[in-house]
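Please work through each one with the sequence and the structure at hand.

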Amino acid sequence: MIITKTGRRMFPTLRVSFTGLRPDQRYAVLMDIVPVDNKRYRYAYHRSSWLVAGKADPPAPLRLYMHPDSPFTGDQLRKQVVSFEKVKLTNNEMDKNGQ
C-alpha cells in the first residue's frame, strides 16, 4: 500500500498471481507505474474522490520497481500471490534509492 505523508492510503495494494511458468526457471517480478492521461489529479478527502487539478508534468523516465523477494522460481510463483504492499513514490528523477 502506498502511504501519503498524512498516513493515509493512496492506492490499493497490488496483488498478482501467475500461471504457465516453468517450475525450474527464475523470474524477476517488476512493477511500473504509467500515467493514464495528460492530467494532474489531487485527492479530495472530504469527497473521497480524485479531482482534476490541471495539466500533468512531462512524463518521467521509465522506472521499474523490483519486488523485494525477486527473483522467484516458477514453482514459487505458481503457489503464491505476489503482493506489492509498500512502494515509495517520488517525482525526484535523481533518486538513487529505487523509489
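**Exercise 1.** Determine whether Tyr 43 is buried, partly exposed or exposed.

Solution. The cut-offs are under 20% relative accessible area for buried, over 50% for exposed, and partly exposed in between (1.4 Å probe, protein chains only). Tyr 43 has 30% relative accessibility, so this residue counts as partly exposed. The model is predicted: local features need pLDDT of at least 70, side-chain atom pairs count only at pLDDT 80 or more, and totals for chains, interfaces and linings use all residues. Residues are numbered from 1 along each chain as its sequence is written, and side-chain values use heavy atoms, without hydrogens and water.

**Exercise 2.** Identify the cluster that ring pairs form around Tyr 43.

Solution. Rings of Phe, Tyr and Trp (its six-membered ring) pair if their centres lie within 6.5 Å; planes under 30 degrees apart are stacked, over 60 edge-to-face, and the rest tilted. The structure holds three aromatic pairs. One of them joins Tyr 43 and Tyr 45 edge-to-face, at 4.9 Å centre to centre with 75° between the planes. Tyr 43 also pairs edge-to-face with Trp 50, at 5.1 Å and 65°.

**Exercise 3.** Classify Tyr 45 and Trp 50 by accessibility.

Solution. Tyr 45 has a relative accessible area of 36% and is therefore partly exposed. Trp 50, at 40%, is likewise partly exposed.
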